[in-house]
Amino acid sequence: MGTSSPSSSQSESSADTAAAPANLTIRAREPSDFAQIAALTNLPKVRWGTLRLPFTSKEQWRKMSEVPPDGMTCIVAELGGVLVGIAHVTQHKGRRSHVGNIGILVHDDFCERGIGSAMLAALVEDCDNWLNLKRLELTVNVDNEAAIRLYKRFDFEVEGTRRADTFRGGKYVDSLFMGRLIRPGWPSVNRHRIRHKDEPD
Ligand SMILES: CC(C)(COP(=O)(O)OP(=O)(O)OC[C@H]1O[C@@H](n2cnc3c(N)ncnc32)[C@H](O)[C@@H]1OP(=O)(O)O)[C@@H](O)C(=O)NCCC(=O)NCCS
């Protein structure tokens, strides 16, 4: 990502991930993005993969955009002036201040073009090299293959299953808890996996 270069702006960069469209811009979310964010988060595939509810109004998004939660860094992806993705990391507090929670979504009509990868690359670079976060974590619906594949490509590992974690379209869905430990020398989650008695070492 261009953000690692000292000469590039920290608040705006062109995504140069191989698969991403050449004219994709990644920048900080602005309060004025609220109307496009409302439209994006009301799309069916976005709702299916996230915790967004139907009929969230522009006004609700305007209020949320004006006062983002403490510790949140929020970016958007823009293609020819159209907002095609949003992603954020929210840093926890106190004894969990080394931990960031990740969320990401791409416009239904712009998936599978490398936009999710470009946004996650920008966030991970920010977390590793600027926020000094040691652990990133997220939850994802068990049947969200695209998202799981994306996270695994960025070294997130499955740490557990949350049963009946979300209610989606009239049914409960399990979700996976995934984590990424950043610094070399930190233990891999697999090393702490509880083994069954009869499982070989
Ligand atoms: C998950 C999501 C962010 C991925 O974004 P994207 O822009 O489509 O992702 P990319 O094009 O960068 O592809 C990332 C990886 O996912 C894979 N992928 C994308 N769509 C896929 C699909 N429908 N099925 C299987 N794999 C898929 C790509 O092949 C790629 O993996 P690879 O590099 O190993 O080939 C996007 O599908 C989305 O926003 N979905 C709706 C909201 C959502 O589910 N958010 C995640 C909440 S946890």
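Is E112 buried or exposed? I looked this up first in the predicted model. E112 is exposed, because 9 other C-beta atoms lie within 10 Å, and a residue counts as exposed at 12 or fewer. I placed E112 in the loop between strand 5 (99–106) and helix 4. I also noted its backbone: E112 is not a glycine, yet its phi is positive, about 65° being the value for F55 and about 60° the value for E112.

**Entry: overall layout**

I recorded 5 helices and 8 strands in the chain. Reading along the sequence, I wrote down the order β-β-α-α-α-β-β-β-α-β-α-β-β. Of the 201 residues in the chain, 23% are buried. I then looked up the contacts with a separation of 6 or more, and found that residues 24 or more positions apart account for 60% of them.

**Entry: helix 1 against helix 3**

Two packed helices are described by the angle between their axes and the distance between the axes. The crossing of helix 1 past helix 3 is right-handed. On the side of helix 1, I listed F34, A35, I37 and A38 as making the contact. On the side of helix 3, the contributors are K58, W61, R62 and S65. I sorted the residues of this contact into 5 nonpolar, 1 polar and 2 charged.

I looked up F55 in the loop between helix 2 (44–49) and helix 3. Most residues other than glycine have a negative phi. F55 is not a glycine, and its phi is positive, about 65°. F55 is exposed, because 6 other C-beta atoms lie within 10 Å and the cut-off for exposed is 12 or fewer.

**Entry: helix 4 and the residue after it**

Which residues of helix 4 are buried? I listed I115, G116, A118, M119, L120, A121, A122, L123, V124 and C127. Helix 4 (residues 115–131) has 17 residues. From its first C-alpha to its last, helix 4 reaches 22 Å, close to the 24 Å expected at 1.5 Å a residue.

I went on to N132, which follows helix 4 and has a positive phi near 60°. N132 lies in the loop between helix 4 and strand 6 (135–141).

**Entry: T161**

Where does T161 lie? I located T161 in strand 7 (residues 157–168). T161 is exposed, with 12 other C-beta atoms within 10 Å. Leaving out residues up to four places away in sequence, I found that T161 touches D174 and L176. I also noted T161 against V140: they are 21 residues apart in sequence, and 9.6 Å separate them in space, C-alpha to C-alpha.

Definitions and conventions. Residues numbered from 1 in each chain as written. Predicted model: local features only at pLDDT ≥ 70, side-chain atom pairs only at ≥ 80, totals over all residues. Helix = DSSP H or I, 4+ residues; strand = E, 2+ residues; numbered from the N terminus. Buried ≥ 20, exposed ≤ 12 C-beta atoms within 10 Å, placed from the backbone. Contact = placed C-beta atoms within 7 Å. Left-handed = near helix turned anticlockwise from the far one by under 90°. Nonpolar A, V, L, I, M, F, W, Y, C, P; charged D, E, K, R; others polar. Expected span 1.5 Å × (residues − 1).
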